[in-house]
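The points after the display are grouped by topic.

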Amino acid sequence: MIDIDFRSDTLTKPTDAMRQAMANAVVGDDVYQEDPTVKELEQKSAKMIGMEAALFVPSGVMSNLIAVLTHCNTRGCEMITGNKSHMFLYEQTGVCQFGGVSINTVHNLPDGTFDLEEMQHHIRSRDLHEPTTSLICVENTHNKCGGRVLPLSWLDELVEIGKKCNLPLHMDGARIYNASIYLGVPAKRIVQGFSSVSICLSKGLGAPVGSLLHGSREFIERARRLRKALGGGMRQCGVIAAAGIVALDSMIERLAEDHANGVALAKGIAALNHPYFKVDVKNMQTNILVFNVEPSKVNTSEFCAKLQENTDDQLTALGGKGVCVKAVPFGASLIRFVVNHHITPEMIELALQKITLVVNEYKI
Ligand SMILES: *Cc1c(COP(=O)(O)O)cnc(C)c1O
């Protein structure tokens, strides 16, 4: 049985180089700010993002939470974000639970942006009946919108609005290096004009644990206090930061391979030309393929279960070896496949053979 796992890029395991670096890491107590490996990672990442300072945190969710709580540090604060954003959908609205910050959502367009005119109507006036708009957040690349990269021109326009309205901007850049590789520009260009940026080391970059929050020195100082309050102060975490350094040094350029594999997968499914499975190949930009199924004909959970099983006929068709393809049902009409560095072009081919067999079970 061959396992081809497209559920997430978080499933990636540390590379041999990472394990070596972890074994050899020089460490200290990072709460005392005495871990040289963590400092090295933070400084390296801050330089790459083009901000004064960075803070190593256990996860992307904590990084976004700390960012919002640092920006929204008085009562009655509200943040604006897209209605399909990870921060709104998949973080238990921790900012509400733990920070009393309300979320005002703007309708996300299919490309991960939102209408900037419409967004400005969500910015509150100073009317005393209303909460205070304190922050605008965007996600880049956009997970739920299929790994879409926010256009630089749109980001520039947003930055102008932020300046005009005196509102800070936060980017959930969990996959910012996928955006950077797609656009062919450094990450620091993408975040130009933003006040803070969160990035994940444990997604496509392959590190086992960790995210980084970036901002001004003053912002990161306050974020550091909050990290401790939330229980995110780690001790000899240079052992994991060491893997993060390898990730930033050696795992960014190769994301282009994931993107190419993603396009091959999208093209392969589109080529089946099955009316119940609609893949938008021209908008397949990075490592996340989200496509539509016809919900009245295809049950997404059932479809994903079929991709994992092997009927006798399929075993014969696949030359005796079973192929287990894992993908994620994203609600009633969407399926998500995520490519990562363990997935080779040969595995894409094999996965497509299996997907073809299963798709063809759905008679038109
Ligand atoms: C994964 C992810 C996060 C959160 O990261 P964790 O490390 O899983 O907590 C935040 N935003 C986006 C867009 C993500 O994909």
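Asparagine 166 is found in the loop between H7 and E6. The model is predicted. Asparagine 166 is exposed, with a relative accessible area of 69%, and its phi is positive, near 60 degrees, although the residue is not a glycine. The points below start with backbone features and go on to individual residues, helix packing and aromatic rings.

**Backbone features**

- Most residues other than glycine have a negative phi, and most peptide bonds are trans.
- Glutamine 92 is not a glycine, yet has a positive phi of about 55 degrees.
- The loop that holds glutamine 92 runs between helix H4 (86-89) and helix H5 (94-99).
- With a relative accessible area of 62%, glutamine 92 is exposed.
- A cis peptide bond, with omega near -5 degrees, leads from asparagine 140 to threonine 141.
- Threonine 141 is placed in the loop between E5 and H7.

**Asparagine 143**

- Asparagine 143 sits in the loop between strand E5 (132-139) and helix H7 (152-165).
- Its relative accessible area is 6%, so asparagine 143 is buried.
- When neighbours within four places in sequence are left aside, asparagine 143 is in contact with His86, Tyr90, Arg175, Ile288, Val290, Phe330 and Arg336.

- Helix H8 covers residues 176-183, and its residues Ile176, Tyr177, Asn178, Ala179 and Ser180 are buried.
- Glycine 184 follows H8 and has a positive phi, near 70 degrees.
- Tyrosine 182 is also found in H8.
- The relative accessibility of tyrosine 182 is 40%, so this residue counts as partly exposed.
- Apart from neighbours within four places in sequence, tyrosine 182 is in contact with Val149, His259, Gln285 and Thr286.
- Between the C-alpha atoms of tyrosine 182 and glutamate 52 there are 25 Å, and the two residues are 130 residues apart along the chain.

**Packing of H2 with H11**

- H2 and H11 pack with their axes 8 Å apart, at an angle of about 30 degrees.
- An angle under 35 degrees counts as roughly parallel, and H2 is therefore roughly parallel to H11.
- H2 and H11 form a left-handed crossing.
- On the H2 side, the contact is made by Thr37, Val38, Glu40, Leu41, Lys44, Ser45 and Met48.
- On the H11 side, Gly238, Ala241, Ala242, Gly244, Ile245, Leu248 and Asp249 take part.
- The contact of H2 with H11 has seven nonpolar, four polar and three charged residues.

**Packing of H13 with H15**

- Helix H13 (residues 300-308) packs with helix H15 (residues 345-359) at an angle of about 130 degrees, and their axes are 9 Å apart.
- H13 and H15 are therefore oblique to each other.
- The crossing in which H13 passes H15 is right-handed.
- H13 contributes Phe303, Lys306, Leu307 and Gln308 to the contact, and H15 contributes Lys354, Ile355, Val358 and Val359.
- By class, the residues of the contact of H13 with H15 are five nonpolar, one polar and two charged.

**Aromatic rings**

- Rings pair if their centres lie within 6.5 Å, and by this rule there are seven aromatic pairs.
- In one of these pairs, the rings of phenylalanine 291 and phenylalanine 337 have centres 5.9 Å apart and planes at 20 degrees, so the pair is stacked.
- Phenylalanine 291 is in strand E10 (residues 288-293) and phenylalanine 337 is in strand E13 (residues 334-338), so the pair ties together parts 46 residues apart in sequence.
- Phenylalanine 291 and phenylalanine 337 are both buried.
- A cluster of Phe6, Phe291 and Phe337 is linked by ring pairs.

**Glutamate 294**

- Glutamate 294 lies in the loop between E10 and H13.
- With a relative accessibility of 32%, glutamate 294 counts as partly exposed.
- The C-alpha atoms of glutamate 294 and serine 333 are separated by 6.3 Å, while the residues are 39 residues apart along the chain.

How values were computed
Residues numbered from 1 in each chain as written. Predicted model: local features only at pLDDT ≥ 70, side-chain atom pairs only at ≥ 80, totals over all residues. Heavy atoms only, no water. Axes fitted to C-alpha atoms, helices over the stretch in contact; angles between N-to-C directions. Helix = DSSP H or I, 4+ residues; strand = E, 2+ residues; numbered from the N terminus. Parallel < 35°, antiparallel > 145°, perpendicular 65-115°, else oblique. Left-handed = near helix turned anticlockwise from the far one by under 90°. Contact = heavy atoms within 4.5 Å. Nonpolar A, V, L, I, M, F, W, Y, C, P; charged D, E, K, R; others polar. Phe/Tyr/Trp six-rings, centres within 6.5 Å; stacked < 30°, edge-to-face > 60°. Buried < 20%, exposed > 50% of the residue type's maximum accessible area, 1.4 Å probe, protein only.
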